[in-house]
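Hi,

Here's the structure I said I'd pass on.

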Amino acid sequence: MTFAYQLQHIQVHAGSQCILDLPKLDIPAGKLIALLGDNGAGKSTLLNLLALTTQPSQGEFTLAAQPFTPTTSKQMQRQLGYVAQQPYLFHGSVENNIQLALKLQGSPREHNAALVQSALEQVGLTQLANQSAASLSGGERKRAAIARAIAHQPKILLLDEPFSHLDTTSRKQLTQIIQHYASQPEHTVIFSTHDHLQALSLTDDVIYLNQGKLAPAPRLNLFHGSQQQHVFDTGKLKIEIPQGPQKTNYIAIDPKQIVISKQALHSSMRNHFLGRLILIAEENNVIHLTVDCGENFHVLISPQSLESLDLSVGKELWLSFKSNAVQCF
Amino acid sequence: MSYFVDALAGATSLITQFDPETYQIVSTSLFISIIATLIAASLAVPAGIVTALNHFWGKGILQHLLNTLMAMPTVVIGLLLYGMLSRYGPLGHWDLLYTRTAVIIAETILIFPIIMNLTIAAVNAADSRLVPTLRSLGARGWQIAWHTAIEMRFAIIAAVIAGFGRAIGEIGAAMMLGGNIEGFTRTMTTAIALETSKGEFETGLALGMLLLLVTFILTFSLSWLQRSRS
């Protein structure tokens, strides 16, 4: 496996406080990766570190197998595109912004026109190429910033909270842009978000940060309770879990591993619960359901599944999942 | 009142009839101020940008010093330079006293802290995302400084214009170092002082009006720049 980044013993301090502490983190190349965590978890700090705009207080890391040093940072930067949460656009037109980025990246001048055109096409801003950056809407600004970041065709694209403060249409456009860029061979896209469902709706590869440290798993469908052999009792439900040597007080169930049906399924899955559908929402072309089975379960399904099951709020549904879908900690 | 009206009419006549002596004084003033502004700006703008973008020991003290120098009376600068450039001073052998060069040096020293301080303020007022954005796009060192200057160009131009305004309106150092020599170092401000003391109120008033016109053009340019920016 090739890695986009390999981090060892990384610490970043703000004053005397350690805001990022990563003993080891390997980020595979060629994938779409979500960097998940609550506000203040260290997502932006990690993204800035990966974007080479922040240097670690201690530790070392490689980018595409090249060790990072301050002297190599300029050369390594050419492999990166970074889009901040609220991107700053320079005075001038959208095209001027992209041209400047190419100039700073040292791109040969004769290629620039084609690269600008390609970047604008990828983000759907060809019509606004000559428009002043100051007059763009929030969604257009994000797309212009992405065009500027990808104009030199970096292998790694880093996006800090790309979906924040955007309307539904802009989020859909941005999702398509990100998925399209990530679908190209050798491209690695890392985006941060605090929204678990949003992360899981785009990718299965999630890095979870909690208070500046790596945490084991995204905690969706998180339940507290007590374990008795291979059954976990939340107080309202008894859930079959994989048998392990240690007692557990928390479990989490991956929302993509929950199967929904109108009738009870007869399968090898050990957990079956009847519930009532209380919420249907769409995120990044993935349908998010919330089902009340005594405990509220979050489930992610495709739009096709939604249509074929003819679901509506208030209807009864069966949820099924394997005991192996339950993570215990 | 009629004295004032008569003087105003006489002054207008000097301006509209392109009185050679009056325009000689104006051109001397403009020449000295423009050269001093160009020299000061070419040093103070880069120094201001570098100071604003970097953290170093003594930065606070430097800014306090610049603030003090901004408020320094021009006659003090004139006095110090007079001591340096006079025949028995350490730089007396340069033979610069009562030359345009001496006035240019004095005005450059006078407006350097103004332009540098206002440049620092302009860069500090830049959007906090500007430098991280430049860095994320691969800019380093002088590229960050250069593109920060381009982004903040209107505020930096305003700083330079403020320096020019100070130079063209300056009298103390120009009088002490230039000597108010007709056709050579006589500037608008020194001429106004001289003509008024001689009772030539019309000439003084004409020069005053032209000085006001230059000031008006400066302030108009500033507000035009600010409108362009917004």
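Below is what I found, starting with how to read it.

It's a predicted model, where local features need pLDDT of at least 70, side-chain atom pairs count only at pLDDT 80 or more, and totals for chains, interfaces and linings use all residues. Residues are numbered from 1 along each chain as its sequence is written, with chains lettered from A and ligands numbered from 1 in the order in which they are written.

Domains: chain A splits into domain 1 (3-215) and domain 2 (222-328), with bounds from an automatic or database domain assignment. Their centres, taken over C-alpha atoms, sit 34 Å apart. Six residues of domain 1 of chain A are in contact with nine of domain 2 of chain A (contact: C-beta atoms, placed from the backbone, within 7 Å). Helix α7 (residues 196-202) of chain A gives the most to the domain 1 side, with five residues.

Helices: the axes (lines fitted to C-alpha atoms over the stretch in contact) of α3 (residues 94-104) and α5 (residues 138-150) of chain A come within 8 Å and cross at roughly 30°. That makes α3(A) roughly parallel to α5(A) (angles under 35 degrees). Val94(A), Asn97(A), Ile98(A) and Ala101(A) of α3(A) meet Ala144(A), Ala147(A) and Arg148(A) of α5(A).

One loop residue: Asn39(A) lies between β3 (32-36) and α1 (43-50) of chain A. Asn39(A) counts as exposed because it has 8 C-beta neighbours inside 10 Å (exposed: 12 or fewer). Its C-alpha atom is 9.1 Å from that of Gln211(A), 172 residues away along the chain.

Cheers

Definitions and conventions:
Axes are lines fitted to C-alpha atoms, for helices over the stretch in contact, and angles run from 0 to 180 degrees between N-to-C directions. Helices (H or I, at least four residues) and strands (E, at least two) are DSSP runs, numbered from the N terminus. Angles under 35 degrees count as roughly parallel, over 145 as roughly antiparallel, 65 to 115 as roughly perpendicular and the rest as oblique. Two residues are in contact if their C-beta atoms, placed from the backbone, lie within 7 Å. A residue is buried if 20 or more other C-beta atoms lie within 10 Å of its own, exposed if 12 or fewer, and partly exposed in between; C-beta atoms are placed from the backbone.
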